[in-house]
Amino acid sequence: EAKLAGILAGSSNLVSFGVVPLKSENGRTTLMPLNDAEEDFLCLNGPFPRGESYWAEIERLAPDYTLFIWWRGNQHIVDYMFASDPPFDFVLSDQIDLPIMKDSIIVPEQMLREKLAPSFDGLEVLLRNIANGPNRGVFVCGTPPPKADATMIRAALAKEPYFVERLVALGRNADTVPLTSPVTLYKLWKLIQNMSRDVARKHGAEFIPIPAE
């Protein structure tokens, strides 16, 4: 019988807990305490980017622990941080009152859903495999929304190797590269949350949205 109730596992948004390192020093997948004060949870640490062995370990632990999974969540930043030319926007079906950015090309939400869908393929497989065996329950957790402060974003871009490489390829710099509007990024993030929820429910898991605050 497992003493601890739950395991937190998943992608880079695990670091939002502050005491969870992004990756293990030795490249191994290991369970570690979440923090000194909370004895009911462990964190599944491992190599980063996450590989097949990490997700396989989550499946192995499912019969003994309740699982809380953070699946990606940064697709809106990775794929859409830099504005297209011309910029695009869309109507978010469950928040139709959000503004549409001026001089943007309006694209269907369904088109964006289809483009984002492959980023959930791994989650589909993981949840399906867990559902087909003994488990103590699975929760898919919401991920943090994008920042709206352009100055903060530009300062961060200059430090992130992924974006530095993209800026070099574009021949741009972090101070002047056009950014997708905060409202559009928010809508993309909310769409990703909705898709995470839909995948979770499809395979018998529950979705936990981030706190309204």
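**Close-up views of a predicted model**

**View 1. Residue D103 is found in the loop between β5 and β6 (105-106).** Helices (H or I, at least four residues) and strands (E, at least two) are DSSP runs, numbered from the N terminus. This is a predicted model, in which local features need pLDDT of at least 70 and side-chain atom pairs count only at pLDDT 80 or more, while totals for chains, interfaces and linings use all residues. Residues are numbered from 1 along each chain as its sequence is written, and side-chain values use heavy atoms, with hydrogens and water left out. Although D103 is not a glycine, its phi is positive, at about 65 degrees. D103 counts as exposed, at 65% relative accessibility (exposed is over 50% relative accessible area, buried under 20% and partly exposed in between; 1.4 Å probe, protein chains only).

**View 2. R72 lies in the loop between β4 and α2.** R72, a residue other than glycine, has a positive phi near 45 degrees. R72 is partly exposed, with a relative accessible area of 35%. Most residues other than glycine have a negative phi, and most peptide bonds are trans.

**View 3. Helix α4 (residues 121-131) has the buried residues L123, E124, L126, L127 and I130.** Their cover includes α1 (52-61), β4 (66-70), β7 (138-141) and α7 (182-202).

Note on methods. Contact = heavy atoms within 4.5 Å.
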